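Welcome! Take a look at the sequence and the model, then read on.

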Amino acid sequence: MSGEITHETIKDGWFREISDMWPGQAMALRVNKVLHHEKSKYQDVLIFESSDYGNVLVLDNVIQCTERDEFAYQEMITHLALNSHPNPKKVLVIGGGDGGVLREVAVIRLSKQYLPHMAAGFDSPKATVHVGDGFKFLEEYKNEFDVIITDSSDPEGPAEALFQKAYFELLFGALKEGGVITTQAENQWLHLSLIKELKKSCREVFPVAEYAYTTIPTYPSGQIGFMVCCKDTERDVSKPLRKLPEEEENKRYRYYNSRIHEASFVLPTFAKLALK
C-alpha cells in the first residue's frame, strides 16, 4: 500500500522485540497502524498504535512505554524517591524523553504528539527542560537537588555510562544533604549479575542503596527494577515518609501506594541472597 510506513521489527502485523539483553525470549504486540518512524542522530524512533496497549514508543527496537501500562513504571520510579525524602523541593529528571516522569529532541517532540497524557509534564510552569548530555549537566551542579531520578534505557550504547560508579559519584555530588536518587536498574530474572554489580557501585558511593521493583507487562519478563539511594545514613528508603489517606491515594495514583512502596523492596529469596 502506497505511503504505508514499514519497520524491520514488524512482520505479519506483529511487532517483535528481540534482544541479546533477554536471550531466548521475545515480546510481541499486535500492530494496528505504524504512526511514525525516523532515525535521529542518537536512535531509531518508532511509534505505533497497538491493538490492546494503545500507542507504543520504541527506541532502537526496544519498547520504552505503552499507554496502557506506563504508569506502573513512571509512578514507581518517581514516588519511591519523592516519598523517601522529607521535603523534596528541587527535583532533577535525567532521561525521560517520553515525558512520563517529566531523550533527545525528536523523542520529546513525538511524545507530545503521540503520547500527550504522558508528555503533559513538559508544559508545567515548574519544569525546565534541558536537552543535552546528562553526564555533562551533572558536572556543573554541586549540592543542588533534593531528588534526582534517572529514567534511562538499558545499559547499551550511550546509556551504559549511567550504570557506572562515576555516574553515581556525580549524582552524590549534585544532591543536597539527605538527598535521594532513583535509577532504572533492570530485571532480577534476567540481569541479576548486572544488578549485583550496580548495587555494589551504589554502595561504594551512597550509605543507603536498596533495590526495588515493579511489575509491568510490556517490559522483559514483566518486571523492571530500581536502585533507590540516599545520602542520609539513617534513612530507611523502604518506608515512605508520607502517607496519604487511601481515598486520596486512589484518586492520585493508578499503581503506587504506601503499601506497595514497602512491598517493592521485598525480594524473592534467590534475588535477596544474590544482592546481600
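This is a predicted model: local features need pLDDT of at least 70, side-chain atom pairs count only at pLDDT 80 or more; totals for chains, interfaces and linings use all residues.

Strands, labelled E, are DSSP runs of at least two residues, numbered from the N terminus.

**The chain as a whole**
- The protein chain has nine helices and eleven strands.
- A compact globule of 276 residues would have a radius of gyration near 19 Å, so the 18 Å of the protein chain agrees with that expectation.
- Along the principal axes, the C-alpha atoms fill a box of roughly 60 × 45 × 40 Å.

**Surface and charge**
- Of the 276 residues, 53% count as buried.
- The accessible surface comes to about 13,500 Å², and carbon and sulfur atoms account for 49% of this surface.
- There are 32 positive and 40 negative side chains, with the centres of the two sets 4 Å apart.

**A closer look at Asp 44**
- Asp 44 is buried but has no salt bridge.
- Lys 39 is the nearest side chain of opposite charge, at 4.3 Å from Asp 44, while a salt bridge calls for a distance within 4 Å.
- The side chain of Asp 44 does make a polar contact of 3.1 Å with the side chain of His 7.

**A closer look at Asp 123**
- Asp 123 sits in the loop between helix H3 (116-119) and helix H4 (134-139).
- Asp 123 counts as exposed because its relative accessibility is 60%, and the cut-off for exposed is over 50%.
- Lys 112 is eleven residues from Asp 123 along the chain, and their C-alpha atoms are 9.7 Å apart.

Conventions:
Residues are numbered from 1 along each chain as its sequence is written. Side-chain values use heavy atoms; hydrogens and water are left out. Helices (H or I, at least four residues) and strands (E, at least two) are DSSP runs, numbered from the N terminus. The radius of gyration is taken over C-alpha atoms; the globule rule is 2.2 Å times the number of residues to the power 0.38. Buried means under 20% relative accessible area, exposed over 50%, partly exposed in between (1.4 Å probe, protein chains only). Accessible areas come from the Shrake-Rupley method with a 1.4 Å probe; for residues, only the protein chains shown count as cover. Lys and Arg count as positive and Asp and Glu as negative; His and the chain ends are not counted. The place of a charge is taken as NZ of Lys, CZ of Arg, CG of Asp or CD of Glu. A polar contact is a pair of N or O atoms within 3.5 Å; within protein, one must be able to donate a hydrogen and the other to accept it, and residues adjacent in sequence count only if both atoms are side-chain atoms.
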